[in-house]
Every structure is written in structure tokens, then in C-alpha cells.
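Thank you all for coming; I would like to take a few minutes to walk through one model with you.

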Amino acid sequence: MSSKVTRISNWIDYRLPIISMMKHELNEYPTPKNLNYWWNFGSLAGIVLMVMIISGIFLAMHYDPNTKNAFDSVEHIMRDVNGGWFLRYLHMNGASMFFIVVYIHIFRGMYYGSYKYPRELLWILGVVILLLMMATAFMGYVLPWGQMSFWGATVITNLFSAFPFGDSIVEWLWGGYSVDNPTLNRFFALHYLFPFLIVGVVFLHLIALHQHGSNNPLGIDRKEPRDSIPFHPYYTVKDLFGLGIFAFIWAFFIFFAPNFFGEPDNYIEADPLVTPPHIVPEWYFLPFYAILRSIPHKVAGVLAMVGAIFVLFFLPWLDTCKVRSAKFRPIYKKLFWLFVVNCFVLGFVGAHSPDEVFYYLGGMSNQELGQITTILYFAFFIIAVPLLGMFEKTTPLPASISEPVNRGGDRRKKSRQEAAA
Amino acid sequence: MTKATAPGKTITRRNFLTLTAGAVGAIGTAKLIWPFINSMNPSADVLAQSTTDVDLSPIAEGQGITVIWRGKPIFIRHRTKQEIAEAERTPMADLLDPQPDSDRVKKGKDQWLVLIGICTHLGCIPTGQAPNSNRGKYDGWYCPCHGSLYDTSGRVRRGPAPTNLVVPPYVFTDGSNIRIGVEEETTNV
């Protein structure tokens, strides 16, 4: 029986070498043996992408991308379609889960210096994926045609009016004089297309990853055979365990707090004549929205917001420090965590009205808090990181991955040998 | 057919054919892409929504109404004498986008202010049309999205909006009727 299977798989593999390729990329693919749980998030992101595509295809079978029917068709999915509520809540919360996973994945890369030589292109492809994800998520949020969908779309498409020939560009994006039926139609078409573009870039991301292999918490290269273990079964099992916990959290939101990440205003159908008193984007855009609003100049605000993401493209060259992992960079490690905190404060600023005043911050207005945190955001990349590359005193690196891991074992072996002698 | 240009370099018939074929191919591709891009521009039926007629007589002094022109909200406000005086009194130096009030209304009809009700920052609809809504510090309009303020002439007084609310093209067809979407010269087409 098994020899028959082997014969068939050999027959296929001789003509179409997918089986040996899988074997090469999974079984033989050498992985550093010291990866911690922060390395789970790459595979989690891939799994979320697949779940989003599948749930999205099934939602598209019931959704109607016409301004007259879009809002009602989403309610039809929620109330009439068998299990429609589950598909929609899975997809809707999946967007938030995707960004949580990807943001952790990016912070992981920043902490352990995964963007450094020779993984610069791997990092850049990751930033491209982030940009595509943002575009996809933005267009997806417009589809339910609620108040936040409509006004979010209006505000974001109007960002392009800051550029030369802006008005013509915006009318071209809309296919009219305002966000309307042509806009909804094309956003649906593109929201369906973009995830497949993401899959394409993910493949390039994986090719670049497998060229030099994963970075690791020590940030040093693998030197000897005992530094590596095969990806399968060691990391497939570890990733599956992480997936179990992650799926548990995702399911919690789907079943117990499905609208936790959403805005109540989006359950009001879009009205082109009434702007909601307080427009907020989805939580994953809040830090960038805060940067946009903090600058009281239209073009400069738009450029700062775009720059906040584009600066990531240059990170591999802004950081000249040869040591990858923050474990051996005492100052960078502290600044990294301050940067993370600063990103959360930016998110807080984005969620509140610009006129709000915080008395517990000495009467500082939300606008001023946003300006300070925006400056800190850029200062991290443009001032702190390059200066640290020049002046930071790093602590000594271990000789190999196995050295710190096996130190105890080596010592025991030595003492046993001595006892035997 | 070959001709020497620089030492060791010659232009052959093949170079010429490659270049011309490549150029024709590039132009052809560009012309083929254009219909795809242009298909996303406003279609004929959208472009056809050109004018909107409004009867101003029912609008009481101090009242404002919102009408739709080309899918955009148009603010029409019947200004009080105090509001007109406020707009005319404002020194140009206080304005972010200086423009006298007289340039924003029709001559002799300065009680009527007609504006495209879209914030020039990122396209939100400012509040200030209903009598009880927030009109901001300058008695005009307040944009809830990013906090821009407009005065009683629709001029921006506090950013982030870069320019004044836009005055659409319109004409008085008679004493109390206006047609939005046409300029003075093309009256009653």
C-alpha cells in the first residue's frame, strides 16, 4: 500500500517537483534552535490571510455592492444567511486580528534587528505587505456602507487632494463628484483583488526569508550544525500551539464581543449630508490618523502620515549598528520600548477629538499631545537610531547560538568527564 | 547600411528596427492602458447632473438651507445685517485665505451666501446649518472632523483647512431664484 503511494508520489515528483520542494522547504529547511514565541507571528499572519480570503469569498456570495442595497445586504447576511453572522464576525474581527499579529511581527523585527544585512529586502517586502493590507482594510471597511464607511472613505480619498492636480485625482478615484455608487463598486472589486496581491508578495517574502533563514533572539548567524533544527516537526508544532491560543482569542471576540473593535455609527446607513460629530478610523489606523491631524497644514499633514510608514523602508540603512538583537544593545532596548509606548499614545490621540484638554497632563490639549508624540515618532527613526548606530556601546555577543543554550549541558558533560577521569 | 559613430560602436539595421519597434510597442501599450484608467473617471450620467434651481423666497432672515448639486451639499444662508457687518468688518490680516466678503456674494444681494458645504481640508460637512448646531467661534461653520472654523462669509479662520469654503458658480434667474452650476455669462441656456 505505502509502496504504491510512494510510487505515485515519485511519478508526480519526477514531472512536477512539488513534493521534493515541500520537503526541502519544511523538512530540510534549517531553523535556528533558539526561536522564541515572538517568532510565531509570521505563520499566524499567513493563516489569518488564508482565513480572511476564504471567509471573504463566502461573504461576497451574499453581499451587494450597490449604494441602495449594500447596507441592507450586510444585515441580510447577519439575519437571514445560514451562519452569515459567523462569517461576517469572523471576517470583521479577522481584520483586527490580522493587524494585531502583523504589528507584533513588525515590532519583533525591530527589537531583534531582523531588518539588518542580509535581510533588508525581506523587511522591505514586509512593509509592502503592510501597505497593501492597509489599502485592503480601508476599502473593506467602506463596503458595509455605514456612516463611518462613507465618511472614512471621504476623508481618506480627500488626502489625495493635497497633491498637484489633486481634485482631478480625487474625482478619478470616486468616479464622480463625491463618494457614491461608482466608488463603492470599484472598492468592492479592488477589495477582492488586493488579498491575492498580498499572497503574491507573501511568496516573495518567504523566498527572501528562506534564502538566509530566520533571524533569532540572539541576532547572530548560525555557525555549526547543532545551531539548527529542521522546521518540521519542531516549529510546525510550536506554531500550532501558538495558533491554538490565538484562535482562542479570536473566537472570544467573535462569540462574546463581536463589535468590540467597531464603531456604533457604522450601524447607521451612510448619509452624504450628515457628517458624524466624531469621525474615527478603525483602531489600527489611529496612530497614523493622529499624525495627520497633529499638523495644522494640509499637505504637510498628509506627507507626515505617509512618511510615518515610508520611513520603515529606510530603517535597514538608518540603523548602522552591526549588532542585531536589542539583547546586546542596552540603550536601544530602552528606546525601543519607549517607541512602543509612544505608538500607543499616538493611538490614544487619534481616538480623541483634537479639542480635548487633559487636565491630568497639566492642561495639555490633545492637539499638543499629538504634536509631541509625532515628533517623538520621527525622532526615533531619524535621530535616535542613526546616533545609536554610531555611539552605542554594545555588550559582548555569544560565540554561537549553541553556546548560551548549551552552557549548562556542556558544563555537566565536562564535570562528568572529569569525574570519570 | 552600417555606419561608424564611435570607435568600436556601429549602428546596425537591427538596432534601428529594435528601437523603432520598441517605441511603437511602448506607445501602443500606453494607448491601450488609457481606456482602463479613463473608465474610472466620472461617467456621462454623473457629468449630466449639471444644474440645480433653488427658490430663495421661503428662507427667513438668519435661516440656512442645504440643497444638493452634483451630489454635493450646497449651503445657502440668508444672513442677518449683523452677520454681514461682521464679515465686512473683518480685517484682511486676520484671514488665512484673504478675500473680501464682497467677492463672495452677488452685488446687491449680499444677504445671500451660497457655498459648497464641504470642508476644504478633507471633505467633511461642517455643522452650523441648523439654528441650534455648533457654528464655532466665528458664527459661521464648524468642521467636526478636524476642528476647522469658518466665519459668516464662509472664510476659513482656523486650520487645518487651507482655503475658504468654495462659492459655486450660480446666477440669479430673477429676484428670488438662483440656478447653481452656471456662470453669469451663460444665463438661461
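This is a predicted model: local features need pLDDT of at least 70, side-chain atom pairs count only at pLDDT 80 or more; totals for chains, interfaces and linings use all residues.

The size of an interface is often given as the accessible area lost when the parts come together. For chain A and chain B, that buried area is about 2300 Å², and carbon and sulfur atoms give 63% of it.

So where do we find salt bridges, if we search the whole structure? Over all chains, the count comes to 11. In chain B, R77(B) pairs with E83(B), at 3.7 Å from N to O; R77(B) is buried, at 1% relative accessibility, and E83(B) is buried too, with a relative accessible area of 9%. Also in chain B, the side chains of R157(B) and D151(B) form a salt bridge at 3.1 Å, N to O, where D151(B) counts as buried at 3% relative accessibility and R157(B) is buried at 15%. Turning to chain A, salt bridges with shared partners link K116(A), D319(A), R329(A) and E392(A) into one network. A further pair in chain A is R226(A) with E224(A), whose closest N and O atoms are 3.3 Å apart; here R226(A) is partly exposed, at 38% relative accessibility, and E224(A) is likewise partly exposed, at 27%.

Now for chain A as a whole, which has 15 helices and four strands, and whose C-alpha atoms fill a box of roughly 90 × 65 × 40 Å along the principal axes. Of its 421 residues, 48% count as buried, while the chain exposes about 21300 Å², with carbon and sulfur atoms supplying 71% of that area. If we take the contacts in chain A between residues at least 6 apart in sequence, 81% of them join residues at least 24 apart. As for charge, the mean positions of the 31 positive and 28 negative charges of chain A lie 17 Å apart.

Is S214(A) buried or exposed? S214(A) counts as buried, because its relative accessible area is 12%, under the 20% cut-off. Beyond its neighbours within four places in sequence, S214(A) is in contact with several residues, among them Y29(A), W39(A) and R119(A).

How values were computed: Residues are numbered from 1 along each chain as its sequence is written. Chains are lettered from A and ligands numbered from 1 in the order in which they are written. Side-chain values use heavy atoms; hydrogens and water are left out. Helices (H or I, at least four residues) and strands (E, at least two) are DSSP runs, numbered from the N terminus. Buried means under 20% relative accessible area, exposed over 50%, partly exposed in between (1.4 Å probe, protein chains only). Contact means heavy atoms within 4.5 Å. Accessible areas come from the Shrake-Rupley method with a 1.4 Å probe; for residues, only the protein chains shown count as cover. Lys and Arg count as positive and Asp and Glu as negative; His and the chain ends are not counted. The place of a charge is taken as NZ of Lys, CZ of Arg, CG of Asp or CD of Glu. Buried area is the accessible area (1.4 Å probe) that two parts lose on being put together, summed over both. A salt bridge is a side-chain nitrogen of Lys or Arg within 4 Å of a carboxyl oxygen of Asp or Glu.
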